[in-house]
Amino acid sequence: MPEAAVHVGSGKVRELYELDDDRLLLVASDRISTFDVVLPTEIPDKGRVLTGLSGFWFTRTSGLVANHLLALRADGRSTECRRLEMLPIECVVRGYLTGSGWKDYQATGAVCGHVLAEGLRDSDRLPEPIFTPATKALEGHDENIDRDRAAELVGRERLDEVEETAIALYRFASEHAAERGILIADTKFEFGLDSEGSLVLGDEAFTPDSSRFWPADEYEAGRTQPSFDKQFVRDYCESLGWDKTDPGPELPREVVAGTRARYV
């Protein structure tokens, strides 16, 4: 760590350092969280996977929206980035009905205000990708919200821009991945504003922490899909009857190995 870097915060996965007035250093650890709780067991090399994949996607999507990436450091887990004023919402795009979206649909027939057709099954592909914002919870769980609530938080005009940008990013990456046998079921973005007030993609992009990746050759609607992401850990934690509050459970060696293999 350079001497000039000052530690200014810790996220669930990343440590945040200030390099100067305009630049931050994000260091991705090997920590893993499920249901917004950081687990006591780390996943070897996970931080390098997140950093490498984010760098890959930031480079390829820069024509769609500016991003915070300035440089990747040689350790493979550190990102020099522009300082942004982050928007107070999680920006989720869903191409398939799964996860919390599936649970909301079962309860109400809708996801974040999007009323969907009757009779959909777990993991069904949606006719069009939908934008489903969520709150950023400082404590506890993020909460799915509708567009009106999101507009209260960021403004209607800004929300329209965020939605259009998020869906364009999802379409671009989904097409790229599908050609390589991977379905991106859903993904989460975080956006911020630069000093000019322009929208900038921050945090990470299309990683196994922020997205659900399914092998296309095993896809079958109506059931839970095998996945290359943290769903493997979520499923293990759910099987324990854990109440999803701190402290999280320790992960056994085979779950650590299986998770690392999926990330890599």
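**Ground rules.** I number residues from 1 along each chain as its sequence is written, and my side-chain values use heavy atoms, with hydrogens and water left out. As the model is predicted, local features need pLDDT of at least 70 and side-chain atom pairs count only at pLDDT 80 or more, while totals for chains, interfaces and linings use all residues.

**Cavity.** I searched the whole structure and got one cavity of 30 Å³ or more. For me a cavity is a set of points on a 1 Å grid over the protein atoms alone where a 1.4 Å probe fits but cannot get out, and lining residues have an atom within 4 Å of a point. The largest cavity holds about 60 Å³, the volume being the space filled by probe spheres set on the points, which are joined across faces, edges and corners.

I then looked up its lining, which includes Arg-14, Phe-58, His-68, Arg-77, Asp-203 and Glu-204. Strand 3 (23-28) and helix 1 (46-61) are the elements giving two or more residues to it; helix 1 gives the most, with three. My helices (H or I, at least four residues) and strands (E, at least two) are DSSP runs, numbered from the N terminus.

Strand 1 (residues 6-10) and strand 2 (residues 14-18) run antiparallel and are joined by four bridges; strands pair if DSSP finds at least two bridges between them.

**Cores.** A nonpolar core here is a set of buried Ala, Val, Leu, Ile, Met, Phe, Trp, Tyr and Cys residues joined through side-chain atoms within 4.5 Å. Buried means under 20% relative accessible area, exposed over 50%, partly exposed in between (1.4 Å probe, protein chains only). The largest core has 33 residues, and Phe-131, Phe-189, Phe-191, Leu-201 and Phe-206 have the most contacts inside it. Helix 4 (156-178) and strand 14 (182-193) are among the elements that each supply at least two residues, and helix 4 gives the most, with eight.

I checked Phe-189 too: leaving out residues up to four places away in sequence, its contacts (heavy atoms within 4.5 Å) include Val-93, Leu-169, Leu-201 and Phe-206. A second, separate core of 15 residues includes Val-13, Val-37, Val-49 and Val-255.

**Ser-33.** Buried or exposed? Ser-33 counts as buried because its relative accessibility is 7%. I find Ser-33 in strand 4 (residues 33-34), touching Lys-12, Val-38, Leu-39 and Lys-230 once neighbours within four places in sequence are set aside.

How values were computed:
1 Å grid on protein atoms, 1.4 Å probe; cavity = no way out; pocket = protein on both sides within 12 Å on 5 of 7 lines; lining within 4 Å.
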